[in-house]
Amino acid sequence: MKATRLLTDYVLSKWPIYIVAALSISCGNIIQSYYPKLLGLFTDQLQQGELTKTLIIDYSLELLGIGVSFGLLTAVGQYLIMRMGRRFEYVARKRLFDHFTTLSAEFYSKHGVGKLLSYVMNDVTAIRESISMGFNHIINSTILILSVVVTMLFSSIPFYLIICCVFPLLFIPYLVVRFRPVIKKRSLLVQESLGKMTESAEEQFGGIRVAKTFAVEPIMIARFGETVDRIRDHQLRLVRLSSLFEAMIPFLGAFSLIVTIAFGGYLTIHQQISLGNFVALTLYIRMMVNPLQQIGRVINTMQRSRASLERINHLLDMKSDIVEIEQAVSSDFNSSGIQVRGLSFAYPGEEDEVLHNISFSLQAGKSLGIVGKTGSGKSTLVKLLLRIYDPPAGTVWIGDTDIRELTLESLRTQIAYVPQEGFLFSTTIRDNIAFFRRSSSLDLVEKAARQAQISSSIALFPDKFETKLGERGVTLSGGQRQRTSLARGLIKESPIMILDDSVSAVDSVTEKSIIDTMRRVRAQKTTIWIAHRISAIKHVDEIIVLDQGRIVERGSHRELVQQKGLYAKLLAIQEEGSSIAEPT
Ligand SMILES: Nc1ncnc2c1ncn2[C@@H]1O[C@H](COP(=O)(O)OP(=O)(O)OP(=O)(O)O)[C@@H](O)[C@H]1O
């Protein structure tokens, strides 16, 4: 499999702009490198008394020309590079998000939202900073150093003197090779700890209401504090190393300058080089110190961003566990029944099966109830029907097709799934209900809301269907949220509907009313009801009773009551519970 090269691909796709920027910055620096020579000539003419008023004006104009050209050319180059950096940020974030949408539920059960946010924020920013700042400085500095070296070599400064003066600088590549891997390793630890911090922050914020009711804020603070401490420790280790690295480069630069002044000064006193050459040489070496320092800083930042880039490329290389086969087909479910044949299933990475040898068939247009104690495998069965997890081949069929051979679109658009905890987005109630098709008319939205028995509550809100919901629909009660989510499922009018304990948070009267409406509107359509409360499923054509991942009973409500098994027991407990709850 070809590894993802997010940055390389991006830079290659924008190479003409990068070339223009590099040329612009290079030209600016080549022009800039001419100025020590000019000052050297000026010094020599000054010393020899050849300087005239006209020459001074000429020199001044030339210096002005160098300054303006350098300023303009580098400004254009830098603008282009910065712009490309920002664009990279946009492209990378978009690509990451697109990729996130392709990953499976299994991926999300292993990676917290906070951690994923850290990729989108911290890692992308680290790469952007390094390419914007890095490209700029690397081009700037390399070209400046190269042009200084070339100009020096073509000047009348003796070659041996140049070699002696730049010798200390030759240690820089050695430092780079030594420090680079360690900086990268420490940067990776920093990025990972940042990811853990955002993950922890997300969890703490998510659970803040629960924490408040238990008055355990100090525990939350301590938990979050631990992640921040870890970042601090990793950051400090990185800063210590990178500061040492960055400090050693100017140190070598200063050492070079000392050699220049000492050796060059000695040769000037002994008239082996001219004063002009000495001034020019000192300026050349001085001009190289800043770019060298910059290169050091860039190498440092680049190592950090390489760590981020590796993290992102690794993430982009991850594939969804659920993939469509090449010959996947679309099928119309309107007259297709559901068949489950000998289905056994263990979650990925787990040894124990949570479903054992499940078999049932549900004809098109009929209704099925699934009941069982908590943890008996009801939701797992639904996740397999929707291919949120992959069932073993040949075990789940819709019509004559194994669902693993269907396109995911065909499967998921024709099944309306209403979970117990329907997530509501921070948008209007209308958009939440018409989530499947935003263009749905208000009439359709109102109809679905009426069927889900939520329209009277919505009518009380000032903006009715245009009422905005806060994060996770906090302005709605649990029962209202559940019914809004139910309306979202009903509006799809799908051939198959799965209700996973979708009326658990409503009172018995509303539950009855919803069930009656549902029976009417879905009379000819396949519907699967999962419930804890038997009152929610007793109307269906067939009920299966799950216990520890096995079907232990099946039949209609009446038959199951007569069997006097687990179902009858559950019913008795629930009826006893409700008779205790309801005063006689
Ligand atoms: N993502 C997962 N990874 C591993 N095990 C899981 C996962 N999701 C559920 N399980 C396990 O599978 C078993 C069945 O869970 P499932 O959610 O299907 O039960 P359920 O009957 O729907 O329960 P409830 O009525 O409480 O919703 C449980 O033991 C649960 O711990």
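Setting aside residues up to four places away in sequence, Ile433 touches Val445, Ala448, Ala449, Thr484, Ala487, Arg488 and Ile491. Keep in mind as you explore that this is a predicted model.

Ile433 belongs to the largest nonpolar core, which has 64 residues. Together with Ala487, Ile433 has the most contacts inside that core. There is also a second, separate core, made of 39 residues. Met84, Tyr119, Met152 and Leu315 are included in that second core.

## The region named by UniProt

What does UniProt list for residues 19-304? An unreviewed entry gives "domain: ABC transmembrane type-1" for this stretch. Over residues 19-304 the chain is 90% helix and 0% strand.

Residues 15-35 are 90% helix and 0% strand, with end C-alpha atoms 31 Å apart. Residues 55-81 are 100% helix and 0% strand, and here the end C-alpha atoms lie 39 Å apart.

## Two helices side by side

Now look for helix α2 (residues 15-32) and helix α6 (residues 113-153). They pack at an angle of about 35°, and their axes are 8 Å apart. The crossing of α2 and α6 is right-handed. On the α2 side, the contact is made by Ala22, Ile25, Ser26, Asn29, Ile30 and Gln32. On the α6 side, the contact is made by Asn136, Ile139, Asn140, Ile143, Leu144 and Ser147.

What classes of residue make up the contact of α2 with α6? There are six nonpolar residues and six polar residues, with no charged residues.

Is Ala254 buried or exposed? Ala254 counts as exposed because it has 12 C-beta neighbours inside 10 Å, and a residue is exposed if that number is 12 or fewer. Ala254 and Val289 are 35 residues apart along the chain, and their C-alpha atoms are separated by 7.4 Å.

Ser256 is also in helix α10. Ser256 has 22 C-beta neighbours inside 10 Å, so this residue counts as buried. Leaving out neighbours within four places in sequence, Ser256 is in contact with Cys165, Val166, Pro168, Leu169 and Ile285. Ser256 and Met288 are 32 residues apart in sequence, and their C-alpha atoms are 9.7 Å apart in space. Asp233 has its place in helix α10 as well. With 13 other C-beta atoms within 10 Å, Asp233 is partly exposed. The C-alpha atoms of Asp233 and Ile496 are 54 Å apart, and these residues are 263 places apart in sequence.

## A proline within a helix

Where is Pro181 found? Pro181 is in helix α8 (residues 172-206). Pro181 counts as exposed because it has 10 C-beta neighbours inside 10 Å. Along the chain, Pro181 and Gln303 are 122 residues apart, yet their C-alpha atoms are separated by 7.7 Å.

## Two loop residues with positive phi

To finish, here are two residues to look up in loops. Gln453 is found in the loop between α15 (442-451) and α16 (455-460). The phi of Gln453 is near 60°, a positive value in a residue other than glycine. Why does Gln453 count as buried? Gln453 has 21 C-beta neighbours inside 10 Å, and a residue is buried if 20 or more other C-beta atoms lie within 10 Å of its own.

Glu493 is found in the loop between α17 (478-490) and β7 (496-500). Glu493 is not a glycine either, and has a positive phi of about 45°. With 15 other C-beta atoms within 10 Å, Glu493 is partly exposed.

Methods: Residues numbered from 1 in each chain as written. Predicted model: local features only at pLDDT ≥ 70, side-chain atom pairs only at ≥ 80, totals over all residues. Axes fitted to C-alpha atoms, helices over the stretch in contact; angles between N-to-C directions. Helix = DSSP H or I, 4+ residues; strand = E, 2+ residues; numbered from the N terminus. Left-handed = near helix turned anticlockwise from the far one by under 90°. Contact = placed C-beta atoms within 7 Å. Nonpolar A, V, L, I, M, F, W, Y, C, P; charged D, E, K, R; others polar. UniProt positions renumbered as here; feature names shortened; annotations may be inferred. Core = buried A, V, L, I, M, F, W, Y, C linked by C-beta atoms within 7 Å.
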